Amino acid sequence: MRQNIVAGNWKMNNTLEEGIKLAKEVSAILTANKPNCKVVLGAPFIHLTEVVKAVDSSLVGIAAQNCANKESGAYTGEISASMVKSTGATYVILGHSERRAYYGETNALLKEKTDLALANGLTPIFCIGEVLEEREANKHFEVVKNQIEEALFHLSADAFSKIVLAYEPVWAIGTGKTASPEQAQEIHAYIRKVVADKFGASVADNTSILYGGSCKASNAKELFANPDVDGGLIGGASLNAEDFYGIIAAF
Ligand code: PEP
């Protein structure tokens with residue numbers, strides 16, 4: 001059966017020292033209170049090697065927040081999937097709405113990044129989600145289907161089964177507005193159907209679909225109680241160990 005996962009996305013926050021401290025705090029809390037879900041920390045590239053060492057790997061996995069769409073070579077400033085893998089990180093967040101909006105990441109580019117992440121043995125946490133105007137125009141189903149179709153439908157069922165999806169309505173990210181449990185369940189069930197129609201019911205049943213967007217300890221329980229919500233991708237509330245644990249403890 002699919003795994004429940006709570007993944008933090010630190011974004012561009014924390015110096016190296018602060019990142020190590022936070023990772024150690026999360027690991028210590030989880031050592032004392034064994035989680036009922038997989039826990040992942042999405043750290044900046046330069047933190048990866050150190051936060052991998054700072055946590056108990058049986059309790060916490062480490063994710064990069066991006067990787068390049070090229071294998072290696074003359075791409076100044078880029079970090080490849082194999083470089084991420086060499087740090088000991090095992091996940092990579094791909095297609096976050098901030099990457100799509102501020103760095104022009106398209107579904108075609110994300111398809112390349114996904115292929116390289118998988119080829120290097122990383123688990124992509126692949127983000128999808130609509131902006132407010134699309135939700136208001138009732139286009140959210142179409143938008144997420146298109147994102148999955150264009151970036152992931154070329155994969156074999158076996159390759160797709162290694163992907164974690166994160167549904168993140170852009171209007172809920174960092175805004176304090178959260179999708180209602182009903183809105184989350186409705187679209188997560190739809191996403192699972194899109195996956196089932198393409199890759200089969202068994203792959204769909206085994207795909208973890210996380211919710212992201214102003215998820216916090218006070219709303220995590222009712223969001224995660226939905227049958228098709230398998231955890232969360234957490235931004236702001238992952239920057240404090242106690243707040244983050246409050247969400248993990250919802251499982
Ligand atoms: C995110 O950026 O993935 C996110 C969900 O952010 P926040 O929890 O701060 O809304």
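A crossing is called left-handed if the near helix is turned anticlockwise from the far one by less than a right angle, and right-handed if clockwise. Helices (H or I, at least four residues) are DSSP runs, numbered from the N terminus.

## Basis of the model

The model is predicted: local features need pLDDT of at least 70, side-chain atom pairs count only at pLDDT 80 or more, and totals for chains, interfaces and linings use all residues. Residues are numbered from 1 along each chain as its sequence is written, and side-chain values use heavy atoms, with hydrogens and water left out.

## Helix packing

Helix 11 (residues 217-224) passes helix 12 (residues 241-248) with the two axes coming within 8 Å and crossing at roughly 20°; axes here are lines fitted to C-alpha atoms, for helices over the stretch in contact, and angles run from 0 to 180 degrees between N-to-C directions. Helix 11 and helix 12 are therefore roughly parallel, the term for angles under 35 degrees, whereas angles over 145 count as roughly antiparallel, 65 to 115 as roughly perpendicular and the rest as oblique. The crossing of helix 11 with helix 12 is right-handed.

Helix 12 also packs with helix 1 (residues 16-32), at an angle of about 40° and with the axes 9 Å apart. Helix 1 is therefore oblique to helix 12, and helix 1 passes helix 12 in a right-handed crossing. In a further pair, the axes of helix 5 (residues 107-119) and helix 7 (residues 140-152) come within 7 Å and cross at roughly 50°. These two, helix 5 and helix 7, are therefore oblique to each other, and their crossing is right-handed.

## Ligand site

The ligand is surrounded by 14 residues, of which the closest are Lys11, His96, Glu168, Gly174 and Ser214; a residue is near a molecule if one of its heavy atoms lies within 4 Å of it. By class, this shell holds four nonpolar, eight polar and two charged residues. Ala, Val, Leu, Ile, Met, Phe, Trp, Tyr, Cys and Pro count as nonpolar, Asp, Glu, Lys and Arg as charged, and the others, Gly among them, as polar.

An oxygen atom of the ligand lies 2.7 Å from a backbone N or O atom of Gly174. For Gly235, a polar backbone atom is 2.8 Å from a ligand oxygen, and for Gly236 a backbone N or O atom lies 2.8 Å from an oxygen atom of the ligand. The protein covers 95% of the 300 Å² of accessible area that the ligand has on its own, as computed by the Shrake-Rupley method with a 1.4 Å probe.

Definitions and conventions
A polar contact is a pair of N or O atoms within 3.5 Å; within protein, one must be able to donate a hydrogen and the other to accept it, and residues adjacent in sequence count only if both atoms are side-chain atoms.
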